[in-house]
Amino acid sequence: MTIGNAKQDNFKRNRLTGICLLILLAVIASMLGGCASQSGNTPAAGEQAKDNGTFRVGYQKGGETLLLKKKKLLETKLGEIGYKVEWAEFNTGSSILEALSTGNIDFANSGDAPSVFALSKGHDFVYVASTPSAEKSEGILVKDDSGINSVADLKGKKIAFNKASISQYLLTLALQKEGLTIDDVEPVYLNPPEASVAFAQGQVDAWVVWDPYFTVAADTEGNRILTDATGIVPYRSFYESTRQFAEKHPDVIEETVKLLQGVAEEIDKDPSEAAALLQEATNIPVATWEKILKNRPSEISFMDEEAAGDLQKMADDFVEIGFIDQPLKINDAVWKPQ
């Protein structure tokens with residue numbers, strides 16, 4: 001075989017791999033991206049939480065919430081004290097927190113960065129619980145044959161990431177550890193579906209992203225993980241409530257967190273049921289979701305100093321980086337059981 005033919009064969013294989021990845025990630029985008037998708041039971045916009053015996057739970061596709069919903073644990077437990085449970089699905093952290101702040105829902109779950117951005121915009125809510133930091137659930141991806149073997153090698157390279165997001169935060173601090181800044185690379189601001197295309201087609205040299213995109217792409221032939229977030233930035237999930245509801249109905253918040261703790265323990269012991277629910281919700285294979293869940297401890301705890309401290313550092317860093325304008329006092333937005 002001539003060198004020219006070999007190159008053509010390699011190009012065809014890489015192009016096929018890129019197309020396959022593109023199709024898979026497009027499916028993910030259709031299931032996970034976009035604006036909030038609320039159930040028909042969601043109250044009208046702007047309606048504040050009322051003492052009407054209804055607990056309105058906003059959720060994103062996550063193992064704990066999907067398992068909790070399937071098992072109807074909230075309905076059973078809260079029904080004993082006279083509450084009806086309504087569920088509303090959202091696809092982004094920003095949309096679910098906006099709905100929480102405006103009183104359309106009473107309870108929500110989101111990532112750490114979206115919650116900090118929401119607080120900086122004046123949204124009013126309180127953190128009630130958190131998961132442990134899951135640094136292996138986000139990272140920087142490169143191609144096997146890129147010649148990029150360290151973060152320092154990213155200097156001068158094109159890097160795709162979501163602007164003003166947890167991805168840019170990770171990249172910024174990873175570069176800082178090597179004595180570099182964001183000005184030493186060529187940023188390509190793309191959301192995950194767009195970035196997946198650019199990365200698959202070789203239009204960028206690296207991609208900074210979170211799960212499930214991270215694990216799906218990392219498991220694709222020809223890609224490899226340059227680094228995950230371990231030792232660089234925390235990566236937590238949080239559960240939030242409206243300040244009004246948490247103050248008036250602490251018993252409901254406590255029971256909800258305890259039930260979430262129970263399903264989280266189940267997932268840590270055996271992620272297969274949660275992975276099957278996530279596969280049904282996203283079309284990502286069960287095996288991939290099992291890997292994602294095993295890399296991310298599901299333990300849920302009421303807010304403590306460590307979780308609040310991680311958020312405070314993130315908020316302080318966001319001011320320094322220029323993501324937000326004013327300092328935040330995270331402890332002012334922390335609720336703890338009596």
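All views show a predicted model.

View 1. Helix H12 spans residues 286-295, and its buried residues are Thr288, Trp289, Ile292 and Leu293. Seen down the axis of H12, these buried residues fall within an arc of 130°, so they line one face of the helix. Ala287 and Lys294 lie on the other side of H12 and are exposed.

**View 2. The largest pocket holds about 1300 Å³ of space.** Its lining counts 49 residues. Closest to the pocket centre are Gln60, Asn91, Gly93, Pro114 and Trp210. Several elements give two or more residues to this lining, among them helix H4 (93-101), helix H5 (112-120), helix H7 (192-200) and strand E10 (237-241). H11 and H12 also belong to that group. Which element gives the largest share of the lining? H5 does, with 5 residues. By class, the pocket lining divides into 19 nonpolar, 21 polar and 9 charged residues.

**View 3. The largest cavity has a volume of about 50 Å³.** The model has 2 cavities of 30 Å³ or more. Residues lining the largest cavity include Val57, Gly58, Thr65, Leu68, Trp87, Phe107, Asn109, Tyr239 and Leu260. Strand E1 (54-59), helix H2 (63-71), strand E3 (107-111) and helix H10 (250-269) each give two or more residues to this lining. The lining has 7 nonpolar and 4 polar residues, and no charged ones.

**View 4. The second largest cavity holds about 30 Å³ of space.** Thr131, Ala134, Tyr235, Arg236, Ser237 and Arg296 line this cavity. How do these lining residues divide by class, and how many are charged? The lining has 2 nonpolar, 2 polar and 2 charged residues.

View 5. Where pLDDT is low, the predicted coordinates should not be read in detail.

How values were computed:
Residues are numbered from 1 along each chain as its sequence is written. This is a predicted model: local features need pLDDT of at least 70, side-chain atom pairs count only at pLDDT 80 or more; totals for chains, interfaces and linings use all residues. Side-chain values use heavy atoms; hydrogens and water are left out. On a 1 Å grid over the protein atoms alone, a cavity is a set of points where a 1.4 Å probe fits but cannot get out, and a pocket is an open set with protein on both sides within 12 Å along at least five of seven lines; lining residues have an atom within 4 Å of a point. Grid points are joined across faces, edges and corners, and a volume is the space filled by probe spheres set on the points. Helices (H or I, at least four residues) and strands (E, at least two) are DSSP runs, numbered from the N terminus. Ala, Val, Leu, Ile, Met, Phe, Trp, Tyr, Cys and Pro count as nonpolar, Asp, Glu, Lys and Arg as charged, and the others, Gly among them, as polar. Buried means under 20% relative accessible area, exposed over 50%, partly exposed in between (1.4 Å probe, protein chains only). The arc is that of the directions from the helix axis to the C-beta atoms.
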